[in-house]
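Subject: Structure handover

Hello,

Here is the structure we talked about. Please open it alongside this note, and the findings follow below.

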Amino acid sequence: RAGTLDQVTALLEQAEEQRETGQLEAARTTYMAALDLDSRNVDAQRLLEEVNQQILENRFAGIMSEGFNLLQADQPEQAIAAFQRAAALGINRDQAEAAIQQTRDEVATVEIQRLREEASAAEQNEQWPQAVAAFESILEIDPNLVFAQEGLDYVSKRLRLDQLLEGSIANPERLADDEVYQQTVDIYYTGRALPDPGPRLLSQLDRLEGLLENSQIPVTVQFQSDNQTQVTLLRIAELGNFQSQSLSLKPGRYVAVGVREGFRDVRQEFVVGFGQTPDAVVVKCEEPIVATRGR
């Protein structure tokens, strides 16, 4: 060790000058050269550890700076990846993880605002499925947001009302059933009671109002048969045998059944009212039943 002392001292002085001028990698190489000459030199060991730590801290700072620059450039996912690389270096981990969480919070805030605007636009346009989806997406990000909880509750109810109105309008013949009629009236008045109805709701209510009114006005229906077929209008009356007769029926869906001995039964389904009333309902058993051998 005594024989290499001068060389080691010179190398340590050279390494210190390199550190002072920011040549950290060169300084590390010089310290390692000194340790090659004297592996038990305490000063060289300590200074090498210091320069290694400084290089690591500089690398950490550089990666963190890269992450913040990416964040300012509106590239949050790339920024998070940079912060994760910094955390993997094993120093200042809390600082890197705080930056990751901050970035995720900012991303979440931006996404929540975007979804909130999307939900608001969907409400204005009475696009209830889209509004429900937007509020559900917000609550997936943060289930504790009160505005999203209340918003989802409201638009879910509006979606259900919209579905009930559309279903009633699409199947007006069901209004012949007294229970269905009363349920539909309740749905109608629920819609009318809403403040500031949009054009879609107003249109639905106006159409449903007309259907409700028409559903209570009897329509004359002409029936034709052959005087030999026993005709029954299910749930309404036994019409018996006839050639032609008329009957006043409330709008709705009906089934007429014809029975004649020796002939195959017939079944006629028809709708009364709502522009679907047939010119005549013909119920005739005309297909003979042919007996087969052994039967």
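First, a term: two strands count as paired if DSSP finds at least two bridges between them. In that sense, Phe 223 stands opposite Val 281 in S7. Please keep in mind that this is a predicted model.

**The sheet with mixed pairing**

Strand S1 covers residues 219-224, and two bridges join S1 to S7. These two strands run parallel. The sheet is open and has three strands, in the order S4-S1-S7. Its pairing is mixed. Which strands are at the edges? They are S4 (244-249) and S7 (281-282), and each pairs on one side only.

**The antiparallel sheet**

There is also an open sheet of four strands. The order is S3-S2-S5-S6, and the pairing is antiparallel. S3 (237-240) and S6 are the edge strands, each pairing on one side only. On average, neighbouring strands in this sheet are turned by 20° against each other, direction ignored.

Three bridges join S2 to S3. Leu 233 stands opposite Ala 237 in S3. Val 231 has Gly 240 in S3 as its bridge partner. S2 and S3 form a hairpin with three residues between the strands. Arg 235 in that hairpin takes a positive phi near 70°.

Next comes the step from S2 to S5. S2 spans residues 230-233, and four bridges join S2 to S5. The two strands run antiparallel. Gln 230 stands opposite Val 259 in S5.

S5 covers residues 252-259 and is mostly covered. Six of its eight residues are buried. Gly 252 stands opposite Val 272 in S6. S5 and S6 form a hairpin too, with six residues between them. Gly 262 sits in that turn with a positive phi of about 85°.

Strands of a sheet pair through backbone hydrogen bonds, either parallel or antiparallel.

**Helix H5 and what covers it**

Now the helices. H5 runs over residues 93-124, which is 32 residues. How far apart are its end C-alpha atoms? They are 46 Å apart. At 1.5 Å a residue, the helix should span 46 Å, so the two values agree. After H5 comes Glu 126, with a positive phi near 55°.

The buried residues of H5 are Ala 96, Ala 99, Ile 100, Thr 103, Ile 112, Leu 115, Ala 119 and Ala 122. What covers them? The cover includes helices H3 (42-72), H4 (76-87), H6 (128-141) and H7 (146-170).

H3 and H5 pack at an angle of about 5°, with their axes 11 Å apart. Angles under 35 degrees count as roughly parallel, so H3 is roughly parallel to H5. From H3, the contact has Phe 60, Met 64, Phe 68 and Leu 71. They meet Gln 95, Ala 96, Ala 99, Thr 103 and Glu 106 in H5. By type, the contact residues are six nonpolar, two polar and one charged.

**Two single residues**

Thr 184 lies in helix H8 (residues 178-192). Is Thr 184 buried or exposed? Its relative accessible area is 4%, and buried means under 20%. Thr 184 is therefore buried. Setting aside neighbours within four places in sequence, Thr 184 is in contact with Ser 168, Leu 175, Leu 208 and Leu 212.

Ser 137 lies in helix H6. Its relative accessibility is 26%, so Ser 137 counts as partly exposed. Ser 137 and Arg 207 are 70 residues apart in sequence. In space they are 34 Å apart, C-alpha to C-alpha.

Over to you.

Best wishes

Conventions: Residues numbered from 1 in each chain as written. Predicted model: local features only at pLDDT ≥ 70, side-chain atom pairs only at ≥ 80, totals over all residues. Heavy atoms only, no water. Expected span 1.5 Å × (residues − 1). Buried < 20%, exposed > 50% of the residue type's maximum accessible area, 1.4 Å probe, protein only. Contact = heavy atoms within 4.5 Å. Axes fitted to C-alpha atoms, helices over the stretch in contact; angles between N-to-C directions. Parallel < 35°, antiparallel > 145°, perpendicular 65-115°, else oblique. Nonpolar A, V, L, I, M, F, W, Y, C, P; charged D, E, K, R; others polar.
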